[in-house]
Amino acid sequence: ATFGAGCFWGVESFFQKIQGVVNTRVGYMGGTTVNPSYEQVCTGTTGHAEVVDIHFNPKLVTYSTLLHNLWKCHDPTLFNRQGNDIGTQYRSIIFTYDDEQYQQASYAIRTEQSKRSSRITTQVLDANTYVFNEAEEYHQKYLEKKNNKYGLNTYFDKGRSSLRSIREKGEKRWSLTSAKQPIQRNPTKTVIDRKSTRLNSSHRC
């Protein structure tokens with residue numbers, strides 16, 4: 001399973017704690033640049049998303065359960081951002097490896113959408129069309145190495161608090177009306193029209 005849900009530090013930490021997950025790797029996927037560096041991905045010009053590649057034991061946890069947990073670790077209604085992290089590399093995205101995963105991902109989005117008033121922006125792309133580029137070693141198990149300094153709950157709650165403040169001020173720049181269709185398979189091109197920017201943040205991801 002390969003998911004993008006914002007900064008991959010917290011997302012990896014979240015899925016590591018799920019019983020049945022055997023191993024995780026963070027990396028970049030969905031772009032056109034060959035073997036991109038973190039710095040290149042941060043420019044927003046490579047088309048890549050920060051993702052977590054999850055190896056799991058299907059006897060202990062199902063793909064459907066992983067999808068269900070995906071909605072718990074990020075806000076899929078946000079377009080090209082999560083919390084203080086802004087840019088196409090932070091988009092909500094699911095890469096599927098076969099038709100069964102595609103069908104389950106599509107169903108999961110429809111089910112989750114029925115519970116929300118705002119439109120889900122999560123993309124569903126064919127993983128076989130792209131290459132998973134493993135991120136630099138210092139990004140792997142980052143929060144574990146830092147003794148969970150940020151902590152997923154704190155990290156995520158701060159992000160939601162920042163977004164709430166922006167919405168209350170009437171910020172229109174990130175309006176969801178500009179979001180693409182929630183289920184998008186095999187797009188011909190990823191369009192990048194700006195460099196990645198971010199709000200004030202105490203960390204870099």
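**Exercise 1. Helix packing**

Determine how helix H3 (residues 63-70) and helix H4 (residues 99-113) are arranged, given that their axes come within 10 Å and cross at roughly 35 degrees. The model is a predicted one, in which local features need pLDDT of at least 70 and side-chain atom pairs count only at pLDDT 80 or more, while totals for chains, interfaces and linings use all residues. Residues are numbered from 1 along each chain as its sequence is written, and side-chain values use heavy atoms, with hydrogens and water left out.

*Solution.* 

Step 1. Two packed helices are described by the angle between their axes and the distance between the axes. Axes are lines fitted to C-alpha atoms, for helices over the stretch in contact, with angles from 0 to 180 degrees between N-to-C directions. Helices (H or I, at least four residues) and strands (E, at least two) are DSSP runs, numbered from the N terminus.

Step 2. The crossing of H3 and H4 is right-handed, that is, the near helix is turned clockwise from the far one by less than a right angle.

Step 3. From H3, Tyr63, Ser64 and Leu67 are in contact with Gln101, Gln104, Ala105 and Ala108 of H4 (contact: heavy atoms within 4.5 Å). These residues comprise 4 nonpolar, 3 polar and no charged (nonpolar: Ala, Val, Leu, Ile, Met, Phe, Trp, Tyr, Cys and Pro; charged: Asp, Glu, Lys and Arg; polar: the others, Gly among them).

**Exercise 2. Aromatic pairs**

Classify the pair of Phe3 and Phe15 and the pair of Phe95 and Tyr130.

*Solution.* 

Step 1. Rings of Phe, Tyr and Trp (its six-membered ring) pair if their centres lie within 6.5 Å; planes under 30 degrees apart count as stacked, over 60 as edge-to-face and the rest as tilted. The structure holds 6 such pairs.

Step 2. Phe3 and Phe15 lie 5.6 Å apart, centre to centre, with 50 degrees between the planes, and are therefore tilted. Phe3 belongs to strand S1 and Phe15 to helix H1, so the pair ties together parts that are 12 residues apart in sequence. Both Phe3 and Phe15 are buried.

Step 3. Phe95 and Tyr130 are edge-to-face, at 5.9 Å centre to centre and 75 degrees between the planes. Phe95 is buried at 0% relative accessibility, and Tyr130 is buried at 17%.

**Exercise 3. Positive phi**

Locate Asn80 and Lys141, and decide whether each is buried or partly exposed.

*Solution.* 

Step 1. Most residues other than glycine have a negative phi. Asn80 has a positive phi of about 55 degrees, and Lys141 a positive phi of about 50 degrees.

Step 2. Asn80 lies in the loop between H3 and strand S4 (81-82); its relative accessible area is 10%, so Asn80 is buried.

Step 3. Lys141 lies in the loop between S8 and H5; at 21% relative accessibility, Lys141 is partly exposed.

Conventions:
Buried < 20%, exposed > 50% of the residue type's maximum accessible area, 1.4 Å probe, protein only.
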